[in-house]
Amino acid sequence: MNITSAQFVMSNSDISKCPTDNKAEYAFIGRSNVGKSSLINMLTNNKSLAKISVKPGKTQLVNHFIINKEWYLVDLPGYGFAKVAKNTKQRFSKLIFSYIESRTTLINLFVLVDCRHEPQNKDVDFMEWLGVNGIPFSIIFTKADKLSKQKLKDNVIAYEKELLTSWEEMPPYFISSASSGLGKDEILNYIEETNKK
Ligand code: GTP
Ligand code: MG
């Protein structure tokens, strides 16, 4: 699939104010600084669509972007970064859960994890919660440009091993780099396929 247009629609701290036109949506979630906003910019070929920062906690609201005038990409605040103040963390997590629980148009949640790190309890527990609650999700291993091919492979295998201790099968997963564009076609094709159903 090609993205021919991508525009910012709105930012919300109140989920009831998010778009109500029933268009399909795909959201990006994960720890602060994992690269959610950068990935949205990479997928849409627009370096300044979503705001990014080296400092965690940049995205503070639920941001809707309309793609090809047909469906939404949604940029969410991050969860669980130690350097973000406790009350900010609680506010983000309330917003995230309220988003997930109320958006009936959400087709798939992309859970981003940094490919350099070992599986973190926060992410694994979150995926467990998604599974229990029947929220469709897939995983994106981000920042692949920061590792050698072999190390990347080893880390993905280690992650898979960890998840398979409690899951019968691995959820769909992708490997991405916002700087090289790796993973772009696979992620967009996946969106196209799931959007048809
Ligand atoms: P919050 O909004 O704070 O939750 O963060 P985020 O997950 O949206 O991360 P963001 O896209 O703002 O990126 C955080 C930092 O990581 C920025 O300095 C990005 O340039 C960098 N970054 C993101 N993706 C990649 C990537 O694929 N490769 C490399 N090398 N750096 C990346
Ligand atoms: Mg962000």
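This talk walks through one structure, from the surroundings of its ligand to a strand, a helix and a few single residues.

Let me begin with the ground rules: this is a predicted model, in which local features need pLDDT of at least 70 and side-chain atom pairs count only at pLDDT 80 or more, while totals for chains, interfaces and linings use all residues. Residues are numbered from 1 along each chain as its sequence is written, and chains are lettered from A and ligands numbered from 1 in the order in which they are written.

I start with the ligand. Ligand 1 is surrounded by 23 residues, of which Gly-35, Ser-37, Ser-38, Thr-59 and Gly-78 are the closest; a residue is taken as near if its C-beta atom, placed from the backbone, lies within 6 Å of the molecule. Helix α1, residues 36–44, gives the largest share of this shell, three residues, where helices (H or I, at least four residues) and strands (E, at least two) are DSSP runs numbered from the N terminus.

Next comes strand β2, residues 25–30, in which six of six residues are buried. By buried I mean that 20 or more other C-beta atoms lie within 10 Å of the residue's own, by exposed 12 or fewer, and by partly exposed anything in between, with C-beta atoms placed from the backbone. Cover is found on both faces of β2, with Glu-25, Ala-27 and Ile-29 buried on one side and Tyr-26, Phe-28 and Gly-30 buried on the other. The strand runs parallel to β4, residues 71–75, joined to it by four bridges, and Ala-27 stands opposite Val-74 there. It also pairs in the parallel sense with β5, residues 106–114, over six bridges, where Phe-28 faces Phe-110; pairing requires that DSSP find at least two bridges between two strands.

Leu-109 is buried, because 25 other C-beta atoms lie within 10 Å, and its C-alpha atom is 6.4 Å from that of Ser-138, 29 residues apart along the chain.

Now to helix α4, residues 149–163, whose 15 residues should span 21 Å at 1.5 Å a residue, in agreement with the 21 Å between its end C-alpha atoms; the expected span is 1.5 Å times one less than the number of residues. The buried residues of α4 are Asn-155, Tyr-159 and Leu-163. They cover an arc of only 75° around the axis, so they lie on the same side of α4, the arc being that of the directions from the helix axis to the C-beta atoms. The face turned away from this buried side carries exposed residues, including Lys-149, Lys-153 and Lys-161.

Finally, a backbone detail. Most residues other than glycine have a negative phi. Asn-22, in the loop between β1 and β2, has a positive phi of about 65° although it is not a glycine, and Asn-22 counts as exposed because it has 8 C-beta neighbours inside 10 Å. Asn-45, in the loop between α1 and β3, likewise has a positive phi, of about 55°, and with 13 C-beta neighbours inside 10 Å Asn-45 counts as partly exposed.
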